[in-house]
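Student: Could you walk me through how to read a few features of a protein model? I would like the general idea and then the case at hand.

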Amino acid sequence: MPHNLYRSYLISAGVTFLVLAAVAVALCVYVDPYRMYDTARVADKPAIYTQATLAKAYMIEHRRPNTLILGNQQVETGLDPESPDWPDNQKPAFNAAGTDVDTFMAWRLLQHDIAVKPPQLVVLGLDFLDFVKPQMEDGPEPLRDGESRLLIARNGAPNPARGIQLWKDFLATTLTRRAIADSITTLRLRGNPSEATMTEWGFDPARDYESIFHQSGLEAIFSHNDAIYRAQYRASIASYFYDPSRNLQFRSLAAIVKLAVQNDIRLIIFIPPYHSRYLEILHETGFWPSFEAWKRALVRTVDETAGKRRDVVLLYDFSDYDDISGESVPQPGDTQVEMRWYRDSTHYTPALGGLMIAGMMDAGPVLGSELNKANLQANLERIRRDRDRLFAPADMRADATRRRSPPL
């Protein structure tokens, strides 16, 4: 008799466990807080950035984009893949950029996307600061978070760790307390316009930014982040990139260019439209010559890697001193006035992102400059002159504007 009681208890406990597990799996798959399963039943995903690396890898497989957008958080919040400025023949676009996506991870994600379906166009945003403190050793880069779930290993072969990682990700997104809690949070906060989210096309609309802005004001945001940028540069050593191949980010850029050429993919690389306050930090910390040397090294790397297929690779420079980058920051304490083009010195708004997209697609007003060996030096000199004009007295700026204006 006791034996039968123990057996009944174990069976009941086992059935209860299986039922609870099934309920947890059903809840997490239904809500899909990390967009792993593409169920699309709950649009807002306030917990997705706790698993952003996981989310982007699987979303690429679901979306199978014609245009792949790569870069760091500036790109993730600035280039909207659903912008009307993308040409119809380049849609759908997917924003695979993110906080942890430097040029190395951009290369790995491009490998992954090509294995899913080669895109027609890749748009890659570069950030100077990613190149300032590079890994200079020639040894292998340690395995990054999320690489094991990509379809392709670094050597271009199928990834042997993928199968095991799929099971790990399934368990992590369904049968953990964190996944269940995030699913409940996603249900509870759906429809809240002030909560963070990621669209189904990988875009971060920065909805949580609004609450920070209205609490502190833009001047406080700019000043706080500018202090961080100054500290980062002052703790770094300026490089003139005489040997880009010793820099992990440049090696990764060359690998991206090589992939694009091999797969006949149009590649557009761009230097972001930093606010003039950020450009002045480069002058203040002594990094402006390094910044110009970086641009020279970018042109050289693209030219040498693309070779005769240089026509499929374009390099744009949006880092100018102009009316956009010189947009006035509201006064301290002002928590109401928003800026049209910037959220801080390095993060631009989707409105500016739209102008950039139109410019890179040759469909909008002239913004930025295409860089190549023939015009590089002239472009660097023009930006220096633009700085002088931007910070000249008002009467001198007006006079310079009249001289540049075409006759009526």
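This is a predicted model: local features need pLDDT of at least 70, side-chain atom pairs count only at pLDDT 80 or more; totals for chains, interfaces and linings use all residues.

Student: Which residue forms a salt bridge with Arg144?

Tutor: Asp102 does, with the closest N and O atoms 2.9 Å apart. The pair links distant parts of the chain, 42 residues apart: Arg144 lies in the loop between helix H5 (128-132) and helix H6 (162-174), and Asp102 in the loop between strand S2 (93-95) and helix H4 (103-116). Helices (H or I, at least four residues) and strands (E, at least two) are DSSP runs, numbered from the N terminus.

Student: Is Asp102 buried or exposed?

Tutor: Buried means under 20% relative accessible area, exposed over 50%, and partly exposed in between, using a 1.4 Å probe and protein chains only. Asp102 has 14%, so it is buried. Another pair, Glu147 and Arg154, meets at 2.7 Å, N to O. Here Glu147 is buried at 2%, and Arg154 is partly exposed at 27%.

Student: Where are the partners Glu280 and Arg387?

Tutor: Their side chains form a salt bridge at 2.7 Å, N to O. Glu280 sits in helix H11 (residues 276-284) and Arg387 in helix H14 (residues 376-390), 107 residues apart, so to link distant parts of the chain. Salt bridges that share partners also join Asp320, Arg382, Asp386 and Arg389 into one network.

Student: What angle do helix H8 and helix H9 make?

Tutor: Two packed helices are described by the angle between their axes and the distance between the axes. The axes are lines fitted to C-alpha atoms, for helices over the stretch in contact, and angles run from 0 to 180 degrees between N-to-C directions. Helix H8 (residues 208-216) and helix H9 (residues 218-234) pack at about 105°, with axes 7 Å apart. H8 and H9 are therefore roughly perpendicular, a label that covers 65 to 115 degrees; under 35 degrees is roughly parallel, over 145 roughly antiparallel and the rest oblique. Tyr209, Ile212, Phe213 and Ser216 of H8 meet Leu218, Ala220 and Ile221 of H9, where contact means heavy atoms within 4.5 Å.

Student: What is Thr186 in contact with?

Tutor: Thr186 is in helix H7 (residues 177-189) and is buried at 0% relative accessibility. Beyond its neighbours within four places in sequence, its contacts include Val31, Pro33 and Val42.

Student: Which residues make the nonpolar surface patch?

Tutor: Ile11, Val15, Val19 and Val23 make a patch of about 340 Å². Patches use residues with over 30% relative accessible area and no salt bridge, joining like charges within 9 Å and nonpolar side chains (Val, Leu, Ile, Met, Phe, Trp, Tyr) within 5 Å. Accessible areas come from the Shrake-Rupley method with a 1.4 Å probe, and for residues only the protein chains shown count as cover. Val23 is in helix H1 (residues 2-31).

Technical notes. Residues are numbered from 1 along each chain as its sequence is written. Side-chain values use heavy atoms; hydrogens and water are left out. A salt bridge is a side-chain nitrogen of Lys or Arg within 4 Å of a carboxyl oxygen of Asp or Glu.
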